[in-house]
Amino acid sequence: MAVIAFSGASTRSSGSRPRSGDFNSRDLLLKRFLPCSPPYAIASPVKPTARDLRTPQLQLGNMNKCEENKSWEIIHIPDKPPFPLHQQPTVKVYAAVIDPKHANTLKPSSCQTSSKTRPNEGCIHLSVILCLAGESESQLDNIPQEVVEFINSYKLETFITKVCKYAPLSKEEWIEQCKIWPTSYHPPTYNIRGITGFSKEESNSVCTFMKQALDLAKCECQMMNAAIIIDPSTNEVIAEARDQVNSCSCCSINHEATSQNHDKLLLNSSATKPKLLNYGNGVSCLNPWKWSNQKSCAWHPLRHAAIVAIENSSVRDKLLFHDNEHVADNLDETNPLLKKQKIKSIHVKNEEEVVNSQSNGRPYLCTGYDIYLVWEPCAMCAMALVHQRVKCIFFAFPNKSDGALGSVHRLQGEKSLNHHYAVFRVMLPQESFDECLM
Amino acid sequence: MSVGRLVEESVKGMGSMHVKFASVHIIIKMGEEMPEIVAFMKLALEQAKIAFDNLEVPVGCVIVMDGKVISCGRNRTNETRNATRHAEMEAIDVLLEEWKEKGLTKHEVADMFSKCYLYVTCEPCIMCASALSFIGIKEVYYGCSNDKFGGCGSILSLHTNTTTSDSGEDVGRKSYKCTGGIMGEEAVSLFRNFYELGNPNAPKPHRQPIQQP
């Protein structure tokens, strides 16, 4: 059962689609793809078993329908771009047909779970993947020495074949990949809420907050981007904002109307249906340079909705927790423990200390919070949300020109970053969509 | 290989040379240009040291127009509890505030930014690299490269493409020239000092190891 070890390992270790130059070293490849020892694994032409087919969760296109909002859908945006079903990327490998009698002795211990064999037209046909083959057709000289020894000791006849480069993300992909080389399917096991499905309650609150963001995004002159940061454990609104790149009087948020009073907000927005002259024209993440063409008085080229929402959340943080620090200041001399605590809270920088600061009741930045955005954020905003440690991002409309969560870049798949959020697109029902464009 | 290392090795060869690395141009001229660049980078490093003294990740920058420093900034992420308050964002905001007070129009502000040079001790992160392309900065010089977050060649290259609308007007990013490896060693040693404070063996007050109550 080589391929699953093979492609599974590749996906988990590289995650995002590898950039050119990533895979130069054959040794590195072997370690990455074939982590078991000996460095080859057995592939069995396994057909999907009933158990496999019953495995319920699909990662890609995993749709969660809101109970009360039947046509709303929440779609997970994975950390690597999906490939068309029939165009799964492949790599060349050396493989060999082996005698089924040898299967047990050849089989690496770590791959035992999927060692089923199936009779193929009366006889059992078994092949093993040996190692990666170079792109050039040059023969066996680039096979590692230990693999050569293995081939010689069992007198194997090798051939070059193609196998899928990445582990399947969905059942559909897996079925397609099995036509190239059969594997067994391991649904992704994430511990992030939502990727393997939302509960009814969660779906409903996702839809509620997205509606709230959509309402916030409307103003009299144009549609803007809006951001709402919430604490999903309490459904409390932590901060909200809209684009302040070109603010005019009608665009400034009336905090009385919006502060955690969703019903009032809904009433407000339905009473005055905004007319959109230019669809999406006022959205900073879509038209970042637009700021230089406006004539209004209050403006800032970088105050996109997500950036402003982060700023608001940090102001709230300082207001809520400032007193603690102040108390610690006063008690420094009398209580050394408090002083220690204060030092800790100042020095918070890595995840270990997140635990520490949370034990003080103060969350580290936006750890554990979700953000709702009407439009997919640009690279600046998406990276800001990485810095601020947001847990999940929900957006309604993709940003084809500058989106950094799948459209142009895909920051959730950049492995070098120190924080990764889960990304979901909330698909609106047609009527809500139409309402946005009216 | 880091950009800093590349420069170092090139300098050993002396003379004038032009190295291209990950779409970042590194021009080394042992002539008139370098002293000025180094002088401004020293000012940026001073800002980074102020950040260090304030228990912030030590990154600093200066913005230069017509050969004069017109703004400076340093990392203030811990103080503000806002992880987006990087040195570059601070320095940009100082200018925007000032120019708005002077009553400059947006067009004039855009024009001003297009004459500005940024000197920053560490390669701008993806957020800042993007922000710099939005405001339309002319040129960026940085110290050490940023292998984790770098937006000017290390992870993404946000300084390289200009986007325009269908009608041809600029609506998106403006590309800018970016040069790395200016006093990179000094920037790195500041980082090293900063992170060494977390070492329990360090003599001064340091980050505490995890202690669950």
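Me: How many bridges join strand β5 (residues 116-122) to strand β6 (residues 139-144) in chain B, and do they run parallel or antiparallel?

Reply: General idea to begin with: strands of a sheet pair through backbone hydrogen bonds, either parallel or antiparallel. Here, 5 bridges join β5(B) and β6(B), and the two run parallel. Strands are DSSP runs of E, at least two residues, and helices are runs of H or I, at least four, numbered from the N terminus. Two strands pair if DSSP finds at least two bridges between them. A word on the model: it is predicted, with local features needing pLDDT of at least 70 and side-chain atom pairs counting only at pLDDT 80 or more, while totals for chains, interfaces and linings use all residues. Residues are numbered from 1 along each chain as its sequence is written, and chains are lettered from A and ligands numbered from 1 in the order in which they are written.

Me: What is the strand order of the open sheet in chain B?

Reply: Its 5 strands go β4-β3-β5-β6-β7, with mixed pairing. At the edges sit β4 (68-74) and β7 (177-179) of chain B, each pairing on one side only. From one strand to the next, the twist averages 20 degrees.

Me: At what angle do helices α4 and α6 of chain B pack?

Reply: Axes are lines fitted to C-alpha atoms, for helices over the stretch in contact, and angles run from 0 to 180 degrees between N-to-C directions. For α4 (residues 87-101) and α6 (residues 126-135) of chain B, the angle is about 25 degrees and the axes are 9 Å apart. That makes α4(B) roughly parallel to α6(B), a label for angles under 35 degrees. On α4(B), the contact is made by E88(B), M89(B) and I92(B); on α6(B), by C128(B), A131(B), L132(B) and I135(B). "Contact" means C-beta atoms, placed from the backbone, within 7 Å.

Me: Which residues touch the most other members of the largest nonpolar core?

Reply: In soluble globular proteins, nonpolar side chains tend to be buried together. A core is a set of buried Ala, Val, Leu, Ile, Met, Phe, Trp, Tyr and Cys residues joined through C-beta atoms within 7 Å; buried means 20 or more other C-beta atoms within 10 Å of a residue's own. Of the 119 residues in this core, A213(A), A227(A), A306(A), I371(A), L373(A), I393(A) and Y119(B) touch the most other members. Apart from it lies another core, of 17 residues, including Y94(A) and F150(A).

How values were computed: A residue is buried if 20 or more other C-beta atoms lie within 10 Å of its own, exposed if 12 or fewer, and partly exposed in between; C-beta atoms are placed from the backbone. Angles under 35 degrees count as roughly parallel, over 145 as roughly antiparallel, 65 to 115 as roughly perpendicular and the rest as oblique. Two residues are in contact if their C-beta atoms, placed from the backbone, lie within 7 Å.
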